[in-house]
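Trainee: Hi! Could you walk me through a bit of this protein?
Mentor: Happy to, let's open it up.
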Amino acid sequence: MAFPQLFSALDSLKDQAKDALWALSSCLCQQSAKIKINGRTFNIIKVLGEGGFSFVYLAQDETSGRQFALKKIRCPTGSDGVKEAMREVEAYRRFRHPNIIRILDSAVVQDPEGEGKIVYLFLPLYKRGNLQDAINANVVNGKHFPEQDMVRLFKGTCEAVRAMHEYHATAGSKAQGPTSNSGSSRSPPSSSSSMRTQRQQGDHSDEEDEMFPHPEGDGEGGYSYESAVNVPLVTKHQSEEDGDVVFDGDEEVAHIQRNENGHLEPGAQEHVPYAHRDLKPGNVMIADDGVTPILMDFGSAVKARVRIENRSQALLQQDIAAEQSTMAYRAPELFDVKTGVTLDEKVDIWSLGCTLFALAYSHSPFENTQTTEQGGSIAMAVLNAQYKHPSSAYSQGLKDLIDSMLKINPKDRPDINQVIAATDRVLQTLV
């Protein structure tokens, strides 16, 4: 390991130790730690989860008593780390859908114990936890999801993914950059009509709207920060015949309106599919009604179509996937990225297949006795699609749906609309 990478890893461990010690000490002393953000004071009650550079806490507003999930992202590298963290904020604000978690507020502050910065994200608190929690409970209690309930949860998750895969950007929208210094990244309160739309789509109250005003976006609810925040994306070329944008290496054409200079007409919409790239049961919350899945954790989300022109780009994508996409749910084309191909949103279809398998059998198709206990390789199992269905009472239609998504060649997998249509057919057989 190179020295810079070693020092970075040591810094990460040190930061995680600080957060863990903070959480532990607050529990031992039976007194919550406090933090002041954007003029409000919050009590940190306990740790809800943790990742590489992030912790998620249960936070309670000291004045109103309302509780939230507060995600704390350490950015020891300064501005570059903040830009990466703000990509997640951007993604939360871009996709508005009843099955996608919404961000309530965010802030960038100086790390009081270091030279870097900290990004805070305020998210709704879902007391029922996530699908992985439900799977774990099933294992402990010797139970399984009723097939109809499980398929409905899966369909709602697919609806959230469709909002990403079919995202349309609107031309002429004003880009919003993250604010500097230590202020909030909020924009001014949104219009009353926009607020009404938010209330119709979400499960939050007027009190939350007053506490966390929502910023304006483009006509499709999209938000865009400066281009430096975004990961380099697929190359495009313009067709001489009709002016459409053609994505290299893909047959799909995004039909858009262009003027005589070849620029997008104001208000025109271009299909810009995004991929989540880390779909798994742990990233799907269960709403308080117990039946609505809520997709979360967009730190890995990118524009879906990435053209791989050379070996350097291939290795970069492999490194990104290794860092951000959970191995047991990662598509095979992200393990061994080839040159001359275009990565696309089909990586999510594979992950959806793994997720549905895990809901049915309590583990990923590639987390089995051979790979977890006998020294086998998850990567090799994924690359060869080596898995089998355990014996169960689930329908053949469900098994066929899973198998259709777990195809090694992305072109052999259905798109998200075909997955939803197949899911509806399974549901019809269960009524």
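Trainee: Which backbone nitrogen lies 2.9 Å from a polar atom of the side chain of D278?
Mentor: That of T326. A polar contact is a pair of N or O atoms within 3.5 Å; within protein, one must be able to donate a hydrogen and the other to accept it, and residues adjacent in sequence count only if both atoms are side-chain atoms.
Trainee: How should I read these values?
Mentor: This is a predicted model, where local features need pLDDT of at least 70, side-chain atom pairs count only at pLDDT 80 or more, and totals for chains, interfaces and linings use all residues. Residues are numbered from 1 along each chain as its sequence is written, and side-chain values use heavy atoms, leaving out hydrogens and water.
Trainee: Is D278 buried or exposed?
Mentor: D278 is buried (under 20% relative accessible area, with a 1.4 Å probe and protein chains only; exposed is over 50%, partly exposed in between). Its own value is 8%.
Trainee: What does D278 touch, leaving out residues up to four places away in sequence?
Mentor: N283, S300, Q324, S325 and T326, where contact means heavy atoms within 4.5 Å.
Trainee: New topic: which residues have the most contacts inside the largest nonpolar core?
Mentor: V119, F298 and L352, in a core of 84 residues. Such a core is a set of buried Ala, Val, Leu, Ile, Met, Phe, Trp, Tyr and Cys residues joined through side-chain atoms within 4.5 Å.
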